[in-house]
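Hi,

Here is the structure I promised to pass on.

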Amino acid sequence: MRYCRPILAIWVALSICTLACPAQEAPQPDRLTWSQAPALPRALAGHMAGAHNGALIVAGGSTFDVSPWQGGERIWLDTAYVLPSPTDAWIKEQPLPHPLAYAAVASTPLGVVYAGGSDGIQHYAASMLLQWDGGALKRLPLPDLPSPCAYGAAAVLGTTVYIAGGQTAPDSTVALKNFWSLDVSSPGGAWQELEPWPGPARILPVVAAQAGSVYVFSGADLAAGTDGKAVRTYLTDGYRYTPKEGWQAVNGPPVATVAAEAIATGPASIVVFSGDDGSLVTRNAELGDKHPGFPGVVRAFNTITGKWSTVGEMPNPVVTTTAVAWQGGIAIPGGEDRPGHRVDAVPQAKVHTLAHRSMTVLDYAVMGAYFALLLAMGFYFSRRTSTSADFFLGGKRVPWWAAGISIFGTLLSAITFLAVPATAFRSDWVYFIGNVVSIIVAPIIVYAYLPFFRRLDVTTAYEYLEKRFNYGVRLFGGLAFLLFQLGRVGIVLYLPALMLSTATGLDVRVSILLMGVITTAYTVMGGIEAVIWTDVLQVIVLLGGALLSLVLIAHSVDGGFAAVYTTGMADGKFRMADWTWEHSATAFWVVFIGRTLENMIPYTTDQTVVQRYLTTPTEKDAARSIWLGSLMSIPSAIIFFSVGTALYVFYKGHPQLFDPAIQMDGVFPLFIVEQLPPGVTGLIIAALFAAAMSSLDSSLNSVSAVVVTDLYRRVRPDASEAAALGLARWITVFTGALGTGGALLMTTIDVTSLWEHYMKLVGLFGGGLAGLFALGIFTRRATGSGAIAGAACGAITLYFVQSQTSVSFLLYSSVGIVVSFVAGYVASFYVGRNPGDLAGLTWSTRKK
């Protein structure tokens, strides 16, 4: 523990200073940057605008050649234009069948859908799909709406378009209260009439989709005035529609935003540009061409906290157009900048991540001291590593409590450090039970698996498979582990580095190099002892950083922990169970069963975990380490879930501090960098590094152990200790370089999709590997060929479940384990030779 004392001392001092001097809120800069795309061929508004295959499409609309305040008449347009890229010129396409404006419009993966609309004489029910094929604009008819409709608005979830609001005829004095949907990917489908929102009817609402829900804000209700013409009532309400759940009221904008442009940004924000607030509607005729225009405020709605904030100003605010996601930005073509006046400009906005506070010299000093201590520990333990057994098993002199902390640290990655608070911030605690079920797995491991690993005196878990079955099964297990780990080490570095870069401004490549080089260095020098003891330090830093963050977040909330608790309870943030039998939901039984069996995989088959069991002096010590590692999951889960809930309460009370461009996993680093004082920021950023490094060092050493023990020594049994130790160190260097290089590659080219497919394919065998060990231990009938057949059957079944069913991903491991076990047992009746002497190799023949 002497290695940890300097860190603990720094912690106490910085914590006292932080609580005595809370961070100050800085004024928030404009979060938008603006540029200009080529102007439209003519000024217009009320047009249909969207994007498909990289091109910006504009069709229909209306305009004035002479101001209406000087007697001009509205001109209804049938023109269609396409802008292939920001550097091209607009292309005039074949016109629409007739003039049309004010239709509901949405961009889908299949094309731009527009539905309804008006030509000034009548409103229409027809709908159309516009597709750009790179050379021409195609029009494909879609089913008619249930009734004529203009001045509605649309949004899309997947391939389903939703339309809300509108008006059935030009002279109608009643707005529609309608909510229609159409899946454009289903041939022969029809518009479905869904239950509308529980509020007033409206025209020109703000409609947007975010995170699986459709939101309806503002708009204007209609009623007949004394002259028989429609009079608007400007609305400031808001509603959320979630398929299968229905409607729920949410906070509406602070002022009306009629005919505004809206678009989803990031994982939890809807940005609303301009909008008519109705403040000058009664003076339109009086002001005429001297009208000052519409408000330019750009607001963001946080779909998690339900709060609005101002994110910038629109340089030339317009209404009655569409915000279109196009070419990495948000295009807003044309529009109406004041009543009766159109524009041809095409501004492009980008919602960017804030220029976060720079890390200070003190931050870097704290991080530097931490990294130096890790390297010093590696150097110290290098003097105790003279054989491959020392390098892989630490001479079996590791204390049980250190091994237990290392087990916990190995399973708790930086992705967990970021993702668990993000999950609690976004939703609630339904995953909590899944994070603590390792205490159920622990006794199974201690009494059913550990005796075989310890009493057979193995170095890797896969040696047991050869003793129980044959070398082919051992080779399968070892290669499955290697393929998974070699694919994993890069992403273990890349994802936390990316989140740190997004939130802190640290260069992602520098973060990757720091973690990769330092971790490889101390692992090469000190072997498993360096890995375990640095894990101890890293877990202290990691959990201490999370706990300190929780205290500081609560300290930043008005009312402290009491307010976090009362607000969280009132908003349902502490819900821990979903009592449903739905297999595709996060039902309690799904989380409980899925996570329990999922935990069986690392505890029974993963060399990074099993190797810890083998480093303690005795089997009893190993059992204690397993119990400690599993029990630590309870306080850690409480801390990390509490951090997420506290962040929710903090940003609900301070919506202007939330960054709408930040990815969800970046919300915790965002608070760390923006709200914590120098020194403390550096220490907690070091904790984020620690979370990644504690997983990486385990992978490096365990990959080396498997290659040397299960491959090299198997073909070179007479190899010297010096040769084996040298090879172990070179493999560690190679694996570290491979992971670091792979992570750096991900920063330059988009290989994320390729990596996801690779890991998904390799991951199919995780459950099968657990099934192999279960077959070996709990049955006497299972044969090597039958076990391999079972693993293959489990992988095929799991692939089908993943691709063809709606079963929750939480149950994937359960499917793989159960199918592999059952299929392997059945197959053993037909393939493979009957096992020979099984003394000490199965549960029924174990040595008492």
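Let's start with the second largest pocket: 42 residues line it, and those nearest its centre are Arg 74, Tyr 151, Arg 232, Asn 284 and Glu 336. Two elements give two or more residues to that lining, strand 5 (74-76) and strand 19 (230-234); strand 19 has the largest share, with 4 residues. The volume of this pocket is about 1,300 Å³. (On a 1 Å grid over the protein atoms alone, a pocket is an open set of points with protein on both sides within 12 Å along at least five of seven lines, a cavity is a set where a 1.4 Å probe fits but cannot get out, and lining residues have an atom within 4 Å of a point. Strands are DSSP runs of E, at least two residues, and helices of H or I, at least four, numbered from the N terminus.)

One caveat: this is a predicted model, where local features need pLDDT of at least 70 and side-chain atom pairs count only at pLDDT 80 or more, while totals for chains, interfaces and linings use all residues. Residues are numbered from 1 along each chain as its sequence is written, and side-chain values use heavy atoms, with hydrogens and water left out.

As for cavities, there are 2 of 30 Å³ or more. The largest is about 60 Å³, and its lining includes Ser 269, Lys 307 and Phe 658. Strand 24 (residues 297-302) provides the largest share of that lining, 3 residues.

Finally, helix 12 (residues 560-570) is followed by Gly 572, which has a positive phi, near 70°.

Cheers

Technical notes:
Grid points are joined across faces, edges and corners, and a volume is the space filled by probe spheres set on the points.
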